[in-house]
Structures are given as structure tokens and as C-alpha cells.
Amino acid sequence: MSGVATDFTLPEGHVLRRSTRAALGLGVLGLAVAGAGALSDHAQFFRSYLVAFMFWGGIAFGSFGFVALNHIAGGRWGIVIRRICEAAMRTLPLVAVLFIPIVLGIHDLYEWSHLDVVAADEVLRHKAPYLNSTGFIIRAAIYFAIWIGCTRLFVRWSAEQDATGDPVYVRKFQMLGRAAIMLYVLTMTLASVDWMMSLEPHWYSTIYGLLIIAGQVMSALAFAIAILALLAGTTPVGGVATSERFHDLGKMLLAFVMVYAYFALSQFLIIWSGNIPEETPWYLKRIGGGWLYVSMALIAFHFFLPFFILLSRKLKQNPRRLVLVALLMLVMRLVDLFWMIAPVFSPGTFALHWLDFAAVLGVGGVWMAAFLWNFQSHPIVPLRDPALPVEVTA
């Protein structure tokens, strides 16, 4: 990479650069505590770990989808956070390693992995050609190979564009983006079935994959907005992260809030009105007992509050205010994933376990350290992208 690119890496002494070791330390501590807890209650460990994995891994997956989408659509609205998203999706090799405990806990998480259970259940016998341990592992390996392979191309071409400014890369990014977005939708739909929907193998939803994808992209966008707000005063981000760009990102966040709500409401209305015994219990588990309050909190803070707040033009143009909404969305995404996964193991009874916190801290700390390490090793904006102002690439 050229010397010009080095001038625009994360400044020495910036809070994000200083936070790398702290994030890694917290991550190692959290994983150590969670590992100790696994010795006494390994089933709960794997349940808590799955929530943490889907949340932090979801930011990397969603970043992958967002980068592909931005290369297809173009526009400065995505360029200002492209390097943030690239750094996030460059953690996918680590996410693949973090998936190993899910494989190790397959018998504690998925009832279809038990041959005796499958033999006694006609529905599971029918689904066994797809839902089996070998297929689960092979498909996961294929998913990660596709995501990591596309990521390597995105990152390599991005570095070459920084160095040469060759306009041919715009076309190459568009072609790769089209292939990557289709592969992302296909593979993540299958992955969401494997990793989450099959926790209750008798239940199914044809919109579930799109729901998970929308949530991941929303998580990635909210995370990128939060990081961008911390970079607003640095060079050259300060020259491109204008109030207009934050306004654009705020509109994008509002759009995904509405899209996610549309998918979630559509799934609920179709299943609830159908009143089919194999489908409605999924919601009955999540509105019974203490879970009802979690459901109400999701409706209030995952949709209504951010929806009405993000209607304000002034708020979307103010980084300090917009970042608060972004952080709220990240918290509610974690709550939403917990609401999707935990009731499988405690239907009708809301329960928080200390391993839930340890797993989120452990996985999150390690993932955040990898993200920060990736982010500080590259220029923090695409230096020679044609959509950037001329003065940034000069």
C-alpha cells in the first residue's frame, strides 16, 4: 500500500486504538468465566453462547451484506462507513473459530442431533436428510468459505483501489457485490434455519431468513454509526462525515427499522391468524409468563421509539443524538435474539443466567478487539473512490 494510505490510518492516541487491549482483556476474562461456568452447567453455557455468537457474529454478517449492497447501489451514504464495515467483516475468520463451541454443543442445543429422538418422531425423521449433525457442520463450513472468500476479494480490491485509483475497480466491485448479495441472502437464510430455527424443528417460517438478515444489516448499520460518531473529528473522516451523511445514515437506519418490523409483524399475523398447532406455540412460549414483558419492550424500544425519534431531521443530522439511537438499537437487537432463542429452553418462564452476561462479554470483547485491530491497520476511508470528495484523495 502506498505512503498516502498510511497517512489516513486511525490516529495514534485515538480512543479506538487505545481500546484494543482493553477489549481483548475483557473478552479473555469473559470467556474464562464462561468456560468455568460450562464445567458446572454446560447446557446453559451453550445456550448463552449461541445468543452471544448470533449477536456479535451478526454484526460481521450484516457488514458483509451492507458492503455488497453499497457497491451495487453506490452513493456517499455508504462510503463513509465502508471501512468500518470492511473491518467488521474481516473478523469472519475469527467468527468461524467462534462457531466451534456451537458444533461442540450441538447435542445440548438441537434435539434433532439425537438419533433416538429422531427415531421416535415422524416429523424429525422426515427432516433428517437435512437436519443431521454431518450436514450441519458441512453446510457451516461452506457458508464461512463463501463469506470469507468474498470478503478477501472486497478487501484486496479496496486496498488496490487505494494504491492505484484505477476506475476499473468500481465495475469489479459492482459485479462482486451482485454475486455477494445473492450468496449472502441464500447462505444466511440457510444458516438461520440451521442455527436458530432448527432449535424448534417442528416449527417453521418462510420469512424467518429475511427477518434474521434484516436484523443483521440493522445491527451492522447501528454499529457503524456508533463508530463513525467517534471518528467525526479525525482526518479525513471529518471532511466526509458531514451532517448530510449522518442524515443519510439515519434514514437508512429508519428504513431497516421499518423493514424489520414489517417482516416481524407479517410473520406474527400469518402464524397467529392461521392458528396451526405446529406454528402458534412458538409465539405462546414468548408471550407467556415474564416473556410478555420482554415482548412489550421489543415493541416499544425496538420499533416505536426509534421509529418516531428517527423521523426527526435534526436528530439524524446530529451525530451525538443519532449515536444514542444506534446504541439503543444494538441493545434491543441483543434482547431480540435472546427473546428468539432463550424461550426454547425456558418456555413461559423468563430467566436470566449469569452465563448470559459472561458469554456476551467474552465473545464481544474478543470480537471487538479483532475489529479494532483490523480497523487501525487500514486507511479509515476509501482514499481514491470516485464518490469521495476530491480533497480527500488529493
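At roughly what angle do the axes of helix 15 and helix 17 cross? The structure is a predicted model, in which local features need pLDDT of at least 70 and side-chain atom pairs count only at pLDDT 80 or more, while totals for chains, interfaces and linings use all residues. Residues are numbered from 1 along each chain as its sequence is written, and side-chain values use heavy atoms, leaving out hydrogens and water.

Helix 15 (residues 243-274) and helix 17 cross at roughly 145°, and their axes come within 10 Å. Helices here are DSSP runs of H or I with at least four residues, numbered from the N terminus. Axes are lines fitted to C-alpha atoms over the stretch in contact, with angles from 0 to 180 degrees between N-to-C directions. On the helix 15 side the contact is made by L254, V257, M258, Y260 and A261, and on the helix 17 side by H302, F303 and F307; contact means heavy atoms within 4.5 Å.

Helix 17 also contains L292. This leucine is partly exposed because its relative accessible area is 36%, between the limits for buried (under 20%) and exposed (over 50%), with a 1.4 Å probe and protein chains only as cover.

Elsewhere in the chain, A23 is found in helix 2 (residues 15-40). A23 counts as buried, because its relative accessibility is 10%. Leaving aside residues up to four places away in sequence, A23 touches G365, V366, M368 and A369. The C-alpha atoms of A23 and G365 are separated by 4.7 Å, although the two residues are 342 residues apart along the chain.

Notes. Helix = DSSP H or I, 4+ residues; strand = E, 2+ residues; numbered from the N terminus.
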